[in-house]
Each structure stands twice: as structure tokens, then as C-alpha cells.
Amino acid sequence: MAQAVNVAELSLPQLEVLKGQLDQMYVPGKLSDVERVLIDVGTGYYVEKTADDARDFFKRKIDFLTKQMEKIQPALQEKHAVKQAVVEMMNQKIQQLTALGAAQGATTK
């Protein structure tokens, strides 16, 4: 999105774009005013902004999301380590049960 706002620097009177119709479908269109753009601010709300304001909005949004990712990364790493420990423990138990089953099968024959 933030890169798309840079089209205003091209100063083309009618710039071709792909306009979203549904979540997965885009149709060709023309951007007639490259000085003002609509941006999706979430939950289906759109705001008209100048290209500079839109760039600032996306920069702030990227900065916010980056900070949020940095906050949750340690917790995710810890959860991944716990998951790995559980998987290793389960693999050990499976190997023990397999060995026990093979030993019991050998004694019954």
C-alpha cells in the first residue's frame, strides 16, 4: 500500500491501476486524480487523503506493526521452544512404547 501511494510522483493524468472488487478479485481501472487517494483504514472504512498524508499514514502504520512484532517475538520464541520440548518428549515416549511393544511381542511368540 505504501509503495502504491508513490504513484503520485509520476504525475500522470490517468494512471492505470487494479481496483479491488472483492477480497480476491481485481479489475482494471484508471486513477484520474493522483493528488488525492482513498486508503483503507480498516473494518471497511476508507479515508480520502493527499498522497503525502497517505504516505505518512502508512509509515506510521508500518512503524506501529514493526513495534508490535518486536514485542511479541520473544513470547513466540519461548512458545516455539516449549513446543519443541513437548515434541521431543512425545517422540521419546513413542520410542519407549514402540520398544516396549516389540519386547512384549517377542516374549509372546
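Biologist: Which residues does Phe 57 touch, not counting residues up to four places away in sequence?
Modeller: This is a predicted model. Contact here means heavy atoms within 4.5 Å. Leaving out residues up to four places away in sequence, Phe 57 touches Ile 39, Val 41 and Lys 49.

Biologist: Is Phe 57 buried or exposed?
Modeller: The cut-off for buried is under 20% relative accessible area. Phe 57 has 16% relative accessibility, so Phe 57 counts as buried.

Biologist: And Phe 58, buried or exposed?
Modeller: The same cut-off applies, under 20%. Phe 58 comes to 6% relative accessibility, so Phe 58 counts as buried.

Biologist: How many aromatic pairs are there, and what is the geometry of Phe 57 and Phe 58?
Modeller: The count is 1 aromatic pair. In it, the ring centres of Phe 57 and Phe 58 lie 5.3 Å apart, with the planes at 70°. Planes over 60 degrees apart count as edge-to-face. The pair of Phe 57 and Phe 58 is therefore edge-to-face.

Biologist: Which element supplies the largest share of the largest nonpolar core?
Modeller: That core has 5 residues: Val 37, Ile 39, Ala 54, Phe 57 and Phe 58. The largest share, 3 residues, comes from H1.

Biologist: What is the order of the elements from the N terminus on?
Modeller: The chain has 1 helix and 4 strands. Helix H1 covers residues 51-108. From the N terminus on, the order is β-β-β-β-α.

Biologist: What accessible area does the nonpolar patch with Val 86 have?
Modeller: The patch lies on the surface. Val 82, Val 86, Met 90 and Ile 94 form it. Together they have an accessible area of about 360 Å².

Biologist: Which share of the contacts joins residues 24 or more positions apart?
Modeller: Take the contacts in the chain with a separation of 6 or more. Among these, residues 24 or more positions apart account for 19%.

How values were computed
Residues numbered from 1 in each chain as written. Predicted model: local features only at pLDDT ≥ 70, side-chain atom pairs only at ≥ 80, totals over all residues. Heavy atoms only, no water. Helix = DSSP H or I, 4+ residues; strand = E, 2+ residues; numbered from the N terminus. Phe/Tyr/Trp six-rings, centres within 6.5 Å; stacked < 30°, edge-to-face > 60°. Buried < 20%, exposed > 50% of the residue type's maximum accessible area, 1.4 Å probe, protein only. Patch = residues over 30% accessible without salt bridge, like charges linked within 9 Å, V, L, I, M, F, W, Y side chains within 5 Å. Areas by Shrake-Rupley, 256 points an atom, 1.4 Å probe, with all protein chains shown as cover. Salt bridge = Lys/Arg side-chain N within 4 Å of Asp/Glu carboxyl O. Core = buried A, V, L, I, M, F, W, Y, C linked by side-chain atoms within 4.5 Å.
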